[in-house]
Amino acid sequence: MSKQAKKPKKELTIEQKINRRNFISFASFTVLAGGAYGGWRWLYKSPEEVAGGITGGTRKPLRKALNKTELFFRRVFSDNHLVKTYPKEMAVKGARVNSDIGLEAKKKFDPATWKLQVIKKGGEVLQVSLQEIMALPKTEIVYDFKCVEGWDEIQHWAGVKFIDFIKHFKLDEYTKMEYVGMETPDKAYYVGLDMPSAIHPQTLLAYEMSGKPLQLQHGAPLRLIIPVKYGIKNLKRIGTITFSNTRPRDYWAEEGYDYYSGL
Amino acid sequence: MKTIKEKHSLAMRWCHWVNFPILTIMIWSGMLIYWGNDTYTFSLFGHTVFRFFPDWFYSALKIPAHLAEGMAFHFLFMWFFTLNGVLYVLYTILSGEWRELVPKRNSFKEAWLVLLHDLHIRKMAPPQKKYNAAQRIAYTAIIIMGIGSVVTGLAIYKPVQFYYLTWLCGGYHFARIIHFILTLGYVFFFVIHIVQVILAGWKNFSSVISGFEVVNEPAKPAIQHTNDEQAS
């Protein structure tokens with residue numbers, strides 16, 4: 001530094017100080033606001049996930065965020081966290097029917113010849129009749145069923161705990177896998193469940209509603225009741241059950257909803 | 001003589017301006033979610049006065065049938081909303097700025113005088129430091145509301161894992177109602193806030209960006225002692 005080139009620094013006048021600070025702060029504000037707007041435009045205009053994947057229907061960065069958020073909230077998941085239960089009298093008489101995907105009335109389906117198919121390793125299929133399932137210990141639950149749309153309803157269900165079913169049919173080794181997939185017999189509706197949620201003590205394969213045998217529109221002969229998930233995961237009319245270490249396909253995750261959808 | 005009077009810290013300005021777009025996105029995405037089960041109405045003597053929300057409102061903001069999109073945005077920006085709020089509260093506590101912000105014992109009485117003054121009913125406003133009594137109440141309330149939104153939000157987002165929060169909020173239904181009413185509260189706050197900012201003028205607004213205000217102090221005789229400090 002040559003001392004001759006630089007004049008001694010003059011104290012800024014108050015007016016200069018004001019102008020200077022105003023310039024710096026307003027310029028930074030404008031740049032940051034522009035950056036924020038640009039960031040928002042980028043996110044809002046970002047492309048959707050490629051079609052045909054396990055998840056779809058939402059912007060790529062948002063899907064990434066949903067998946068990261070899932071990882072965070074999985075850490076607080078516990079078998080000891082139970083859904084609140086109610087006395088039977090508080091349950092509705094007829095539960096709300098919100099959807100018939102996979103069980104449309106015009107489709108041919110005979111509950112009498114139905115058998116649950118559990119796909120085992122090597123393609124071996126375990127076939128289980130409703131009588132065999134009903135012979136297992138029965139568990140009842142009266143809880144607040146919650147729909148992703150925002151409504152909820154206290155409903156009364158009964159069936160066999162999924163974990164009891166697993167143990168009875170000696171499928172224990174499959175619980176070491178990460179996911180359970182369930183599909184309707186016509187494969188039109190399908191859900192993927194993380195294993196901890198599937199074997200949660202309140203997850204049922206249900207065959208009774210409000211103390212009576214399940215009706216077709218509610219998912220007869222056997223449906224899933226999984227209180228730790230939104231209604232979209234509570235598959236009606238289970239046809240097949242599979243196990244995997246990758247996410248099984250999931251109807252609403254393909255439509256932009258969170259894959260986890262846990263409560 | 002003009003002097004620079006420091007008014008708002010950088011941290012406060014940062015949190016304020018970051019919160020504004022985030023809260024806007026949270027309210028918008030929240031409406032996309034609420035649409036999925038839009039059962040709330042405002043009733044008086046058994047008559048529905050207002051339905052949340054009227055059709056013209058929905059179509060003007062293109063709200064219908066974007067539930068999944070709303071959830072995806074809501075559950076991303078909730079992190080930023082919470083983080084920004086936590087930073088602000090921590091900063092306010094650690095810096096001691098909470099002293100300027102939290103209502104004092106006489107603030108609730110004084111806030112009436114401020115209100116009467118603002119409505120041009122009373123001539124004199126009570127003396128104040130950085131914020132007047134009404135501001136102290138409003139700016140503290142909005143923080144409590146923010147905490148309320150996060151807690152009720154978690155209570156309806158994970159009602160099984162955070163069952164104790166859901167219980168604390170009076171159940172799933174009540175938590176959703178509080179969550180909704182708090183949002184109406186933000187909109188109400190916003191309207192009043194904007195009106196007040198416009199009335200307070202450019203100098204006041206500018207200070208929330210620059211951090212300082214320019215005040216004109218009468219030039220003091222050089223020899224006079226300022227014994228303010230000793231007196232207090």
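Author: A term to begin with: two residues are in contact if their C-beta atoms, placed from the backbone, lie within 7 Å. Keep in mind that this is a predicted model.

Reader: Fine. How many residues does the contact take from chain A and from chain B?

Author: Chain A puts in 33 residues and chain B puts in 26 residues.

Reader: Which elements of chain A give two or more residues to the side that touches chain B?

Author: Helix 1 (14-45) and helix 2 (60-74) of chain A. Helix 1 of chain A gives the most, with nine residues.

Reader: And by class, what is on that side of chain A?

Author: There are 17 nonpolar, eight polar and eight charged residues.

Reader: Switching to chain B. What span should helix 3 have?

Author: Helix 3 of chain B runs over residues 67-95, so at 1.5 Å a residue its 29 residues should span 42 Å. The end C-alpha atoms are 41 Å apart, which agrees.

Reader: Where does helix 3 of chain B bend?

Author: At Phe77(B), by about 30°. After the helix comes Gly96(B), with a positive phi near 85°.

Reader: Now helix 6 and helix 8 of chain B. At what angle do they pack?

Author: About 145°, with axes 9 Å apart. Their crossing is left-handed.

Reader: Which residues make the contact?

Author: Helix 6 of chain B contributes residues including Ala138(B), Gly148(B) and Gly153(B). Helix 8 of chain B brings Leu182(B), Gly185(B) and Phe189(B), among others. By class, this contact has eleven nonpolar, six polar and one charged residues.

Note on methods:
Residues are numbered from 1 along each chain as its sequence is written. Chains are lettered from A and ligands numbered from 1 in the order in which they are written. This is a predicted model: local features need pLDDT of at least 70, side-chain atom pairs count only at pLDDT 80 or more; totals for chains, interfaces and linings use all residues. Helices (H or I, at least four residues) and strands (E, at least two) are DSSP runs, numbered from the N terminus. The expected span of a helix is 1.5 Å times one less than its number of residues. The bend at a residue is the angle between axes fitted to the seven residues ending there and the seven starting there. Ala, Val, Leu, Ile, Met, Phe, Trp, Tyr, Cys and Pro count as nonpolar, Asp, Glu, Lys and Arg as charged, and the others, Gly among them, as polar. Axes are lines fitted to C-alpha atoms, for helices over the stretch in contact, and angles run from 0 to 180 degrees between N-to-C directions. A crossing is left-handed if the near helix is turned anticlockwise from the far one by less than a right angle, and right-handed if clockwise.
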